[in-house]
Amino acid sequence: MFDPTQLRTFLTVAQTLSFTQAAHRLGVRQSTVSQQVRRLEEAAGRQLFSRDTHSVTLTEDGEAMLGFARTILEANERAAQWFTGTRLRGRLRFGASEDFVLTRLPEILERFRRDHPEVELELTVELSDTLHEQLAAGRLDLVLAKRHPDHPYQSTHGRSRLVWRDRLVWIGSEQLRLDPHRPVPLVVFPPPAVTRSRALDVLERHGRAWRVACTSGSLNGLVAAARAGLGVMAHTLGMIPPGLVRIPARAGLPELGGIDVVLLHGPQTAPGTRPSPVAGSAEALAEAILAAGDRLHAPTAEPEG
């Protein structure tokens with residue numbers, strides 16, 4: 001009843017909440033994306049997206065379709081692997097920032113290992129900017145990391161695909177109260193963390209004094225400090241850790257802006273040469289992450305005030 005191509009397009013729009021970005025990721029025209037979503041809605045007999053000139057959101061039926069779409073596409077993939085007899089092999093060096101390791105990414109990786117037992121998966125957990133550097137240096141094959149939205153869509157080192165677009169927000173303990181007359185206490189990663197540089201840049205541009213209350217290379221360390229009320233931290237809205245809340249607007253902290261979550265592939269194979277042995281494995285893992293991208297984050301309720 002449901003076309004897999006239309007379901008894949010639907011998932012991409014649901015994850016990026018943008019028909020334009022979905023078209024970029026899929027390598028098709030925006031009109032094609034709109035047409036495939038419209039045909040899927042006709043097949044379902046329900047509206048899956050609520051959209052206007054400024055935003056795209058899932059309807060209640062769209063939320064329900066997410067689970068069905070993933071199940072159908074995963075079943076198609078397993079059937080294709082069974083009947084084509086394709087078996088991926090080799091060592092795949094995958095890097096992810098710690099934010100994602102604390103989500104449902106381990107479930108995706110476990111499923112990938114089960115489906116491809118002959119792939120030796122090597123995981124590196126680091127800061128996003130460090131992962132970008134390691135990919136450029138040829139030490140990683142595939143990276144899941146954060147990146148500034150203004151960064152060129154096409155990576156200079158390899159292929160780049162948007163997983164979803166989110167916002168950075170200030171988070172902290174629910175009991176934390178900020179004094180507007182004192183420097184903002186910050187809980188931050190060490191340089192060159194994306195969230196650290198964004199927080200400092202935004203505060204300085206708005207003339208807000210700040211001080212570092214805690215520095216840790218571990219997200220668990222930062223979360224513990226924030227829960228203890230030591231200060232505030234800049235974090236992705238869709239992945240706020242349990243026990244922390246978004247700092248309300250009445251606190252007067254400046255907006256941090258958007259952030260992209262992207263998949264970055266290593267350098268492409270030179271024309272006329274044989275594809276890298278790991279290319280197939282990297283593509284398979286990338287597709288698994290893209291198909292389940294909405295599982296890596298969940299909507300967070302907006303605070304009052």
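Which residues do ring pairs link into a cluster? Select Phe10, Phe19 and Phe49: ring pairs join these residues into a cluster. The model is a predicted one, and a search of the whole structure finds three aromatic pairs.

**Stop 1: Phe10 and Phe49**

Show the side chains of Phe10 and Phe49. The ring centres are 5.4 Å apart and the planes stand at 50°, so this pair is tilted. Phe10 belongs to helix H1 (residues 4-16) and Phe49 to strand E1 (residues 49-51), so colour both elements; the pair links distant parts of the chain, 39 residues apart. Phe10 has a relative accessible area of 0% and is buried. Phe49 is likewise buried, at 0%.

**Stop 2: Phe19 and Phe49**

Phe19 sits in helix H2 (residues 19-26) and Phe49 in strand E1, so the pair ties together parts 30 residues apart in sequence. Phe19 and Phe49 are both buried.

**Stop 3: helices H6 and H10**

Next, select residues 105-115, helix H6, and residues 279-291, helix H10. Their axes come within 10 Å and cross at roughly 135°. The two helices are therefore oblique to each other, and the crossing of H6 and H10 is right-handed. To view the contact, show Leu105, Ile108, Leu109 and Phe112 on H6, then Ser281, Ala284, Leu285, Ala288 and Ile289 on H10. Coloured by class, the contact of H6 with H10 has eight nonpolar residues, one polar residue and no charged ones.

Methods:
Residues numbered from 1 in each chain as written. Predicted model: local features only at pLDDT ≥ 70, side-chain atom pairs only at ≥ 80, totals over all residues. Heavy atoms only, no water. Axes fitted to C-alpha atoms, helices over the stretch in contact; angles between N-to-C directions. Helix = DSSP H or I, 4+ residues; strand = E, 2+ residues; numbered from the N terminus. Parallel < 35°, antiparallel > 145°, perpendicular 65-115°, else oblique. Left-handed = near helix turned anticlockwise from the far one by under 90°. Contact = heavy atoms within 4.5 Å. Nonpolar A, V, L, I, M, F, W, Y, C, P; charged D, E, K, R; others polar. Phe/Tyr/Trp six-rings, centres within 6.5 Å; stacked < 30°, edge-to-face > 60°. Buried < 20%, exposed > 50% of the residue type's maximum accessible area, 1.4 Å probe, protein only.
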